[in-house]
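Subject: Structure handover

Hello,

Here is the structure I said I would pass on. Please open it first and keep it on screen while you read the notes that follow.

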Amino acid sequence: MKEYTFLDMQRLTTPYKDELYAACREVIDSGRFLHGTQTTAFEQELASYCGTKHCVAVSNGLDALRLTLRAWVERGQLQAGDGVLVAANTYIATVLAITDAGLRPILVEPEEETMNIGADSIASAATNGAKALVEVHLYGTPARNSLIRQAAEAQGLLILEDNAQAIGASENGLRTGAMGDAAAFSFYPTKNIGALGDAGAVTTNDPELADTVRALANYGSVKRYHNVYRGYNCRMDEIQAAMLRVKLRHVNEESARRKEIALIYNERILHPDIMKPAIIDGMEQVWHQYVIRTPQRQLLREYLRRHGVQTDVHYETPPHMQPCYEGMEHGPLPLTERLAHEVVSLPIASLTPDEAKEISEIINQF
Ligand SMILES: *Cc1c(COP(=O)(O)O)cnc(C)c1O
């Protein structure tokens with residue numbers, strides 16, 4: 001029986017091996033492993049790709065999120081205990097960053113179509129003390145930023161994008177990373193562009209925020225041995241920057257490949273018990289995950305496993321149901337909890353179009 005792996009990292013990396021080896025050699029020969037030209041060049045290239053003025057390369061996506069929130073606290077734009085709106089179906093890292101910065105997550109239900117926070121949730125800021133929101137572009141689908149921005153501006157909220165899953169996505173031509181007051185990226189190996197280890201970045205048009213994030217990521221120092229903040233060590237390595245420069249050159253090809261698979265699935269999966277993800281007008285989605293829904297999730301997953309198709313679930317347990325957030329205050333979250341029971345991610349990142357057709361056929365026989 002043919003096996004369809006959920007994510008074949010070798011298949012993903014092989015086309016770029018020669019370029020990666022060459023970039024690696026360049027860093028080794030340079031003798032410079034931190035604070036060097038690769039990191040600076042990657043920052044410029046990512047800022048230019050997103051359409052922002054500034055970029056700070058950091059250690060990972062969680063750090064990118066928490067450094068930005070912490071920088072807003074240091075700059076007085078947020079105060080300890082301020083509320084931060086976030087869709088309750090996000091990955092836990094988004095919520096960890098909020099609590100780590102001494103802020104208070106306000107969990108809201110996502111919109112059913114985009115699975116992201118909607119503009120409607122933002123009106124609640126008038127009564128719940130929210131001063132910021134995290135706009136997570138989950139699964140590679142951008143949040144409805146133009147509506148969200150309008151509502152956020154009316155309430156005076158800062159917008160932080162969690163862009164771990166949606167590099168290259170856009171709404172009416174505006175790319176993720178340039179939508180909010182700042183954006184956090186993850187380059188975890190399985191993300192749309194992956195480092196050969198951990199890496200992340202912050203993009204923004206605010207030069208002072210960029211300086212504060214950069215200082216916080218480097219022991220809180222603005223110049224050597226002069227520490228303005230009680231900072232961290234969250235820098236990106238030169239070697240990861242060099243790997244990411246290679247990957248960034250190919251990100252549009254990668255997105256196009258994912259989109260081809262997503263369109264095959266969307267056209268060919270025809271099953272009354274399966275809800276497919278929405279393809280949304282005016283948006284370019286980058287398909288970090290292809291997520292279907294079914295009330296019969298366990299049966300479907302077992303059936304697919306018997307037919308050689310690996311699947312995954314993003315995510316089984318929402319942050320408010322994790323032990324680390326026991327007792328956390330939140331309103332009713334029925335949609336979030338239903339999604340946690342119904343979502344199934346199909347293989348996409350390392351799949352060929354023929355395999356997507358075969359998997360669609362297998363699903364239709366369920
Ligand atoms: C992966 C991810 C993160 C965390 O990124 P790391 O680089 O693993 O720290 C944060 N938010 C979302 C939505 C993610 O998918």
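Please keep in mind that this is a predicted model. I begin with the ligand and the residues around it.

The shell around the ligand is made up of 6 nonpolar, 5 polar and 2 charged residues. In total, 13 residues surround the ligand. Which of them come closest? The closest are Gly-61, Asp-162, Gln-165, Ser-186 and Lys-191.

Ser-186 has an N or O atom in its side chain that is 2.6 Å from an oxygen atom of the ligand. For Gln-165, a side-chain N or O atom and an oxygen atom of the ligand are 2.8 Å apart. With Lys-191, the distance between a polar side-chain atom and an oxygen atom of the ligand is 3.0 Å. Each of these distances can be checked against the 3.5 Å limit for a polar contact.

How much of the ligand does the protein bury? On its own, the ligand exposes 380 Å², and 90% of that is buried by the protein. The ligand sits in the largest pocket. Two elements give two or more residues each to the shell around the ligand: helix H4, which covers 61–74, and helix H5, which covers 92–100.

Next, a sheet. It is open, has 3 strands in the order E7-E6-E12, and its pairing is antiparallel. Which strands lie at the edges? They are strand E7 (174–175) and strand E12 (283–284), and each of them pairs on one side only. Strand E6 takes in residues 170–171 and is joined to E7 by 2 bridges, with the two strands running antiparallel. As background, strands of a sheet pair through backbone hydrogen bonds, and the pairing can be parallel or antiparallel.

- The peptide bond between His-314 and Tyr-315 is cis, with omega at about 10°. Tyr-315 belongs to the loop between helix H11 (297–306) and helix H12 (334–342).
- His-35 has a phi near 55°, which is a positive value in a residue other than glycine. The loop that holds His-35 runs between helix H2 (17–30) and helix H3 (37–50).

Regards

Notes:
Residues are numbered from 1 along each chain as its sequence is written. This is a predicted model: local features need pLDDT of at least 70, side-chain atom pairs count only at pLDDT 80 or more; totals for chains, interfaces and linings use all residues. Side-chain values use heavy atoms; hydrogens and water are left out. A residue is near a molecule or strand if one of its heavy atoms lies within 4 Å of it. A polar contact is a pair of N or O atoms within 3.5 Å; within protein, one must be able to donate a hydrogen and the other to accept it, and residues adjacent in sequence count only if both atoms are side-chain atoms. Accessible areas come from the Shrake-Rupley method with a 1.4 Å probe; for residues, only the protein chains shown count as cover. On a 1 Å grid over the protein atoms alone, a cavity is a set of points where a 1.4 Å probe fits but cannot get out, and a pocket is an open set with protein on both sides within 12 Å along at least five of seven lines; lining residues have an atom within 4 Å of a point. A molecule sits in a cavity or pocket if more than half of its atoms lie within 2 Å of its grid points. Helices (H or I, at least four residues) and strands (E, at least two) are DSSP runs, numbered from the N terminus. Ala, Val, Leu, Ile, Met, Phe, Trp, Tyr, Cys and Pro count as nonpolar, Asp, Glu, Lys and Arg as charged, and the others, Gly among them, as polar. Two strands pair if DSSP finds at least two bridges between them.
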